[in-house]
Amino acid sequence: MLEFMIEVNVRLVGALRGASGKSSFKVRLRQGETIKTLVQRLCVEFGEDFKRVLVDSEQNDPRTNVLILVNGKEIGLLQKLETELDDGDAVTIIPVSHGG
């Protein structure tokens, strides 16, 4: 079976940039893979410090800690973590601050 690969452009902002050491880069994925797959892959690639900033440890969900945009649209308006990525998509991940 022939697998088609896509390339997405990822932009990290704030503490995620610091934890990864990168502000923007390209990631190759299999066609049909989702935001969830991308998040898992980034956590493996950049390690525990990055994962701590990105993923809420109690809920195991990145959406409480960050805004994730695909081509300028927040994933909550799309298919959430199951949003499929296409070749050339721009994914921006922005940490949010919670005050108290």
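The charged end of Lys22 sits over the ring of Phe25, 5.4 Å from the ring centre. For a charge to sit over a ring, NZ of Lys or CZ of Arg must be within 6 Å of the ring centre and within 35 degrees of the ring normal.

Two notes on the source. This is a predicted model, in which local features need pLDDT of at least 70 and side-chain atom pairs count only at pLDDT 80 or more, while totals for chains, interfaces and linings use all residues. Residues are numbered from 1 along each chain as its sequence is written, and side-chain values use heavy atoms, with hydrogens and water left out.

Back to the rings. The structure holds two aromatic pairs. Rings of Phe, Tyr and Trp (its six-membered ring) pair if their centres lie within 6.5 Å; planes under 30 degrees apart are stacked, over 60 edge-to-face, and the rest tilted. Phe25 and Phe46 have ring centres 5.6 Å apart and planes at 70 degrees, so this pair is edge-to-face. The pair links distant parts of the chain, with Phe25 in strand 2 (residues 24-30) and Phe46 in helix 2 (residues 35-46), 21 residues apart. Helices (H or I, at least four residues) and strands (E, at least two) are DSSP runs, numbered from the N terminus. The other pair, Phe46 with Phe50, is tilted, at 5.1 Å centre to centre and 50 degrees between the planes. Phe25 and Phe46 are buried, and so is Phe50. Buried is under 20% relative accessible area, exposed over 50%, partly exposed in between, with a 1.4 Å probe and protein chains only.

Now helix 2. Its buried residues are Ile35, Leu38, Val39, Leu42, Cys43 and Phe46. They cover an arc of only 135 degrees around the axis, which puts them on the same side of helix 2; the arc is that of the directions from the helix axis to the C-beta atoms. Just after helix 2, Gly47 takes a positive phi of about 90 degrees.

Last, strand 3 (residues 66-70). Four of its five residues are buried, so strand 3 is largely enclosed by the rest of the structure. Five bridges join strand 3 to strand 5 (residues 90-95), and the two run antiparallel; strands pair if DSSP finds at least two bridges between them. Leu69 stands opposite Thr92 in strand 5. Strand 4 (residues 73-74) also runs antiparallel to strand 3, joined by two bridges. Here Val70 stands opposite Lys73. Strands 3 and 4 form a hairpin with two residues between them, and Asn71 in the turn has a positive phi of about 55 degrees.
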